[in-house]
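Here is a short report on a two-chain model. Read it alongside the sequence and the coordinates.

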Amino acid sequence: MKKIFLLLLLNITFIFISLSVGAAHISISDLWSSLFNPHSSDSFFILTELRFPRTMALVSIGLALGFSGTLLQTLLDNPLSEPYTLGLSGGATLGAVLALMFGIKPIWLTLPMGAVLGCVLATLLVLYFLKNKILWKANSIILIGVMISLFCGSFVTLIISLLEPTQVQLAVYWMMGQVGSEKDLWWPALFVIFVFSLFLGLRHHVDLDRILLGEDTAINLGTNVSSVRLLFILIVCLLTSLAVSIAGLVGFVGLVAPHVSYHILGTRRHYKTLLASPLVGSLLFLSADILARTFSYDIEIPSGSLMALLGAPILIYYLVRGLKNAHV
Amino acid sequence: MLTFKGLTISYQDTILEKISGTLENGKIVFLVGPNGSGKTSLLKALGGILQKKEGTLKCQETPIYLAAQFTAQSGLSGHDLLDLYEAKKSTWYEKYFLQDPLCVQTILKRPLESLSSGEKKRVLLSAALFHKSYCVLLDEPTAHLDLHHALSLKNWIQEQASCGRSFLISNHDLHWAFLFQNTQTWVLFEKSIVLRGSTQDVFRDIKLKDILGVKAELVPHRDGHLISLSYRE
C-alpha cells in the first residue's frame, strides 16, 4: 500500500509539472498565486482554460487505459492483451473517423458516439472469437486483434483520403493521440466512469484473482467466470471508446502499465494492481505529454506517438526480463 | 455426502453415460481407469466445472477440486492462494496449519511460478485441503510429489477422512493407494463404472486385467497388502 501511495504522490507532482510546463512557462509560485488569487493574471486563463483540462484529460486517459490493460490481461489470460492489441481502440477510431467524415453536427457529441459504436462492434467481434477456446492458446486472439486493428486502420486511411484538407489535418492529429482541444472537455465523463469502474473492479477483486488461477479453479471456488468476464469487457469497451474519442489511438499505455505495476508490486492481486496500474498508466501518459511539450513550444508533438516511442522499449525490456526470470 | 444419478457427460462424443454413485462421509474412494476413460471429466463434473452434462447431482456444499496440473502464470504466491481458497476461515486450517503436513510454510511467500513442480503441488494440495468443503476431489495428487511428501499426504488424507471428510481421488499410483486403510475403488471403463467395491476386492477381481491391461497380485504385508503388477499373459 505504501507503493501505491507513492505512485499517487508522484502523480500529483506530475500533474503540477504538467500545469507549469508549456509554451508559456508558469512557475510553481505563479501557480500558487493564481490559485489563491484568481482572475488576476493571464496565467489563470491559461491554467483553467487550457492546461487544467488537458492535464486532467491525460490523467483520465492514462488511468482508464492502465485499468483496462490489467483487466484484459487477467480476463483473457494473456500478457499481451490491451485495448490496442485487441483491436478495440482501432474499432473506436474507425467509428470516430466515420463520424468526422459524415460531419454530423455537433461533432463533440457525434465523435464519441461514433467511437463507442465502433468499439462495441470490435468488442463483439473479439467476444465472438473468444467463444472458441482454441483461439485462446498461443496468442491467436492477439493476432486476430491486431488484424482487426489493421483492418480498421486501412479503412481509416481510405476515409482520410476522401476528406477535405482541413478535416484531414484534424483527423490525423487526433488519431496520433493529440490532446489539447475542446474534446478535452470530455475528461470529467471519462474520470467519473473510471472511478465507478474502479469501484466495481475492487468489489470483484477476489473473483478476478481467482480467474488468474485458471477458469476451472475459479468456477470451482464459486466465481461466475463468464458473467464477470462479460461485465468487465464491456467496462473496458466503454473506457476505451471514451479515451479514444478524447485522444485518438493511444497504444502501449494499457500494455506497459500492468507490467510495470506487477514489477513494482511483485504481485498480481487485484486489490493492489487495479489501483497501481491506472496510476502507472497516468504517470506514463503524463510524462509523454510533458516531454512532447518541452521538446518544442511551437510544434505540437502528438503525445500518443511519443507514448509508443517510450512504451515499445519499456515493454520489450519487461518481456525479456520476464522470460529470463521464468522458471523453466 | 455426495450423490450423483444418471450422470452423462459428453463433448463431441459421450465420455460417461448414465453413471450413478455415492461418496459417503468419511470415505476415501479411488478412481481408476485407462487414459481417456473420463476420470478427470467425472471429477470436473462433480466439482461443478463442466456444464455439458445431464443427470442429478446432490451435495451439501460444492466439493473442492484440484486439477492434476497447474499451468496458469498467476503472479500469485502461496499465501495469496490460501486467501483465495478462503483457507484461513476453515476448521481444517486451525487444526493443521501449525502441523504443516506438507512442509509448505517456508515456501508460501514465493510466487507459484518460481516453485518447482513438486513444491507447487504441495502448496496447491495444502490450499485445497485447507478449504472448508467436506468433500474433496483430487486429480492425481501424487504427481510430482517426492516419496516423503506422498506418505505425509496419505497420512493427512486418512486423518481427515476419520474426521468425516470424504475424498474422491483419481490415481494411477497403486502402491500409494494400497498404503491406505479401508478405501474403495471405482473403475471407469467404456463410459461407465464397471467395478466398484473395497480396493482389495477390486484388485482381486479377475476382470480387472482386461480393463487395465495388467495383472495385479496382492501380497500380504504387516499394514495390509502390497500390490505387485505384471503384464497379462
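Two residues are in contact if their C-beta atoms, placed from the backbone, lie within 7 Å. By that criterion, among contacts in chain B between residues at least 6 apart in sequence, 66% join residues at least 24 apart. The model is predicted.

**Chain B overall**

The secondary structure of chain B comprises eight helices and 11 strands. Its radius of gyration is 18 Å, close to the 17 Å that the globule rule gives for 233 residues, so chain B is as compact as a globular protein of that length. The C-alpha trace of chain B spans about 50 × 45 × 30 Å along its principal axes. Of the 233 residues in chain B, 39% are buried.

**The S1–S2 hairpin of chain B**

Strand S1 (residues 2-10) of chain B pairs with strand S2 (residues 14-23) of chain B. The sense is antiparallel, and the pairing runs over six bridges. A hairpin of three residues connects S1(B) to S2(B). B:Thr3 has its bridge partner in S2(B), namely B:Thr22.

Most residues other than glycine have a negative phi. B:Lys18 lies within strand S2 of chain B. B:Glu190 sits in the loop between strand S8 (184-189) and strand S9 (192-198) of chain B.

**B:Phe203**

Is B:Phe203 buried or exposed? With 23 other C-beta atoms within 10 Å, B:Phe203 is buried. B:Phe203 belongs to helix H7 (residues 199-204) of chain B. Which residues does B:Phe203 contact, leaving aside its neighbours within four places in sequence? They are B:Leu208, B:Ala216, B:Leu218 and B:Ile227. B:Phe189 is 14 residues away from B:Phe203 along the chain, and their C-alpha atoms are 15 Å apart.

**Helix H1 of chain A**

Helix H1 of chain A covers residues 2-20, which is 19 residues. From first C-alpha to last, H1(A) reaches 27 Å, close to the 27 Å expected at 1.5 Å a residue. Its buried residues are A:Leu7, A:Phe14, A:Ser18 and A:Leu19. Seen down the axis of H1(A), these fall within an arc of 140 degrees, so they line one face of the helix. The face turned away from the buried side carries the exposed residues A:Lys2, A:Phe5, A:Leu9, A:Ile12 and A:Thr13. Just after H1(A) comes A:Gly22, with a positive phi of about 155 degrees.

**Where the chains meet**

How many residues of chain B are in contact with chain A? There are 18, and they touch 17 residues of chain A. On the chain B side, the elements that give two or more residues are strand S5 (64-66) and helix H2 (78-84) of chain B. By class, this side of chain B has eight nonpolar, seven polar and three charged residues.

Conventions: Residues numbered from 1 in each chain as written. Chains lettered and ligands numbered in written order. Predicted model: local features only at pLDDT ≥ 70, side-chain atom pairs only at ≥ 80, totals over all residues. Helix = DSSP H or I, 4+ residues; strand = E, 2+ residues; numbered from the N terminus. Expected span 1.5 Å × (residues − 1). Buried ≥ 20, exposed ≤ 12 C-beta atoms within 10 Å, placed from the backbone. Arc of directions from axis to C-beta. Nonpolar A, V, L, I, M, F, W, Y, C, P; charged D, E, K, R; others polar. Rg over C-alpha atoms; globule rule 2.2 N^0.38 Å. Pairing = 2+ DSSP bridges.
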